[in-house]
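Dear colleague,

Please find the structure below. My notes on its pocket, cores and disulfide follow.

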Amino acid sequence: MRPPTSARAPLSRRLVAWAGTLLLTAALLVTQAPVAATAAAAATVTDLGVAGKGGDVVARSSKVFVAAGDQIVVTSIDGKVINTIPGLSGAVALASPETGRKVYAALRDSHEVIEIDTTTLAITKRIDLTAYPCPSSLAQSYDRLWIGFGCGEAGGGGVLGLIPAAATPTPVRVGPATTRAPLVAVAGSTLVAGEPGVSPATVKVYDISTTPATSRGEIRGDANGLPALRDLALAEYGSAALSALDGTRRFDAWDTTALTRGRAYDSSGFGEHGLPTAVAASPDGAYVVGGWNSSAGDAAELVVYDATNAEVIYTAAHQGKAVVAGSIEFYGTLTFAVLKEPGTGRMHLWRLPPSPYHSSTLTLTAPSKVTALKQSTLSGRLTLSSGLPPGVQTLELYRWLPDGTSRPFQEITTAADGTYRFTDAPPSIGAFKYQVYWPGNSWFRGSGSSVTVTAALYEPTLTVTGPATGNVGERLEFSGTFGADGITFPRTIVTVSRKVVSPDGTVTSKGLVKLAPAADGSFSFSDTPTTAGEHTYTVNLLGNSTIESASTTHVVTVLQPPA
């Protein structure tokens with residue numbers, strides 16, 4: 001999965017060291033950073049308990065998803081396995097939109113793409129790709145999913161795009177037929193595709209701002225083409241393609257307009273024996289992360305480069321395993337990769353520690369008074385230690401009921417200046433907890449804030465309308481309501497009683513009706529007076545655990561009509 005990249009931050013703000021030290025075996029492999037880093041929390045390598053095909057990874061909604069052939073393993077952000085999505089057939093690639101709660105998985109063996117709800121982990125849609133067999137790579141930008149397919153037969157592969165949210169997604173072919181499933185990456189208005197493991201190789205570049213996509217040409221390197229392609233990514237909002245090529249001992253950045261090589265990222269700790277295997281650009285475009293493997297496939301290294309000048313910022317190594325091509329993923333200030341054991345293929349999730357990035361502050365403020373059932377507005381602001389506006393950012397909102405159970409997960413967005421607001425209607429009285437969290441980005445630490453509000457009983461405004469005068473024997477019609485906020489109310493009871501003061505001063509009282517108002521709080525009743533006098537109708541709303549009691553009266557002067 002290759003996330004789209006946004007505009008790159010200024011260089012002076014990017015020269016911050018990534019994580020401090022990372023050592024899981026023998027020696028530190030940390031290079032000198034532009035700004036010295038202090039020691040950070042240790043990295044983790046989690047045994048996922050599976051082996052086989054796959055290894056692609058995405059992180060969304062505080063979860064990490066790893067494709068693992070017959071299943072998708074789901075971990076928490078700290079790398080602990082929390083669940084699996086079993087019963088799949090060749091889960092090899094994953095992709096996800098930048099916002100929302102969907103993850104898409106390519107199932108190579110059953111020739112389909114599935115949609116997964118990141119909260120419930122339920123499969124919510126299956127897209128049949130029998131006509132485009134063996135989908136093996138995915139990339140997503142905005143509403144469109146790009147798929148590289150092909151089972152290894154000449155002319156049987158290629159690239160297609162579709163809109164997964166459509167009721168019936170319609171695949172549209174892009175570019176020529178291939179033999180193997182091409183690697184695909186998308187960012188901004190640029191799509192790149194390259195057939196892996198083929199030499200000489202080419203990377204095809206497309207402009208997807210048009211429909212259908214139009215070709216910008218091919219990246220060939222030289223007249224003989226490129227060495228075999230291992231991994232492919234996009235950086236700088238699609239203006240640069242990143243390649244991991246056999247035999248080059250570096251990662252190359254290619255201008256996707258001029259189709260020429262720009263800078264190179266190398267300096268692998270494995271020297272001439274290092275194999276460039278995986279490459280990705282951080283979502284903000286500030287960094288390029290390259291994954292190297294030893295020639296024997298029994299040692300892995302991640303190297304973090306400054307995207308602009310290719311300076312090495314940070315390196316980390318792990319012995320006894322190899323990094324999987326295409327498996328580098330970012331989530332806030334965290335970087336993930338998937339490792340495999342040589343021979344067994346057993347998978348492990350490699351989580352680098354967060355680095356000492358600049359800080360952020362997230363505030364959350366609740367109104368001074370909150371009532372059950374009624375919409376209340378909570379607000380806050382995300383600020384960065386740099387003093388610059390953060391731009392539009394996605395926040396994660398979590399809510400808990402008074403009994404401790406959680407309400408549905410929600411994502412909200414800030415304005416460009418970092419302010420945000422959302423509304424909620426507590427379904428009952430009691431203490432409700434709200435928590436917002438920003439995961440951060442490639443060089444600002446994430447932050448969170450929470451607030452607990454106590455919802456009081458809903459205070460109804462009980463009103464009754466009806467005639468002011470009437471005659472004996474005439475049917476009187478009344479209507480009323482106790483809600484004017486567009487609220488749906490739980491079931492409650494309204495009682496109506498009548499007191500009559502006759503012209504001679506006699507007073508009589510009687511209970512008339514007990515009725516259940518509609519869900520919007522409205523109700524109606526009628527009465528036919530049998531005597532003249534002042535009729536006072538008392539309407540009582542019987543409160544419950546959510547609504548306060550209320551009472552009101554309506555007076556009608558009833559006359560005896562002339563004989």
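Strand E18 (229-235) supplies the largest share of the lining of the second largest pocket, four residues. Strand E6 (91-95), strand E10 (135-141) and strand E14 (183-187) are also among the strands that each supply at least two residues. Strands here are DSSP runs of E, at least two residues, numbered from the N terminus. This is a predicted model, in which local features need pLDDT of at least 70 and side-chain atom pairs count only at pLDDT 80 or more, while totals for chains, interfaces and linings use all residues. Residues are numbered from 1 along each chain as its sequence is written, and side-chain values use heavy atoms, with hydrogens and water left out.

The pocket has a volume of about 720 Å³, a volume being the space filled by probe spheres set on grid points joined across faces, edges and corners. A pocket is an open set of points on a 1 Å grid over the protein atoms alone, where a 1.4 Å probe fits, with protein on both sides within 12 Å along at least five of seven lines; lining residues have an atom within 4 Å of a point. The lining comprises 30 residues, and Val92, Ser136, Ser137, Leu183 and Ala325 lie nearest the centre. By class there are 14 nonpolar, eight polar and eight charged residues (nonpolar: Ala, Val, Leu, Ile, Met, Phe, Trp, Tyr, Cys and Pro; charged: Asp, Glu, Lys and Arg; polar: the others, Gly among them).

The disulfide count is one, under the rule that two cysteine sulfur atoms lie within 2.5 Å. The pair is Cys134 and Cys151, with sulfur atoms 1.9 Å apart. The torsion about their S-S bond is about 95°, so the disulfide is right-handed. Cys134 is buried at 4% relative accessible area, whereas Cys151 is partly exposed at 34% (buried is under 20%, exposed over 50%, partly exposed in between, with a 1.4 Å probe and protein chains only).

The largest nonpolar core has 24 residues, of which Phe523, Phe525 and Val539 touch the most other members. Such a core is a set of buried Ala, Val, Leu, Ile, Met, Phe, Trp, Tyr and Cys residues joined through side-chain atoms within 4.5 Å. Leaving aside neighbours within four places in sequence, Phe525 is in contact with residues including Val464, Leu476, Phe478, Tyr537 and Val539 (contact: heavy atoms within 4.5 Å).

Regards
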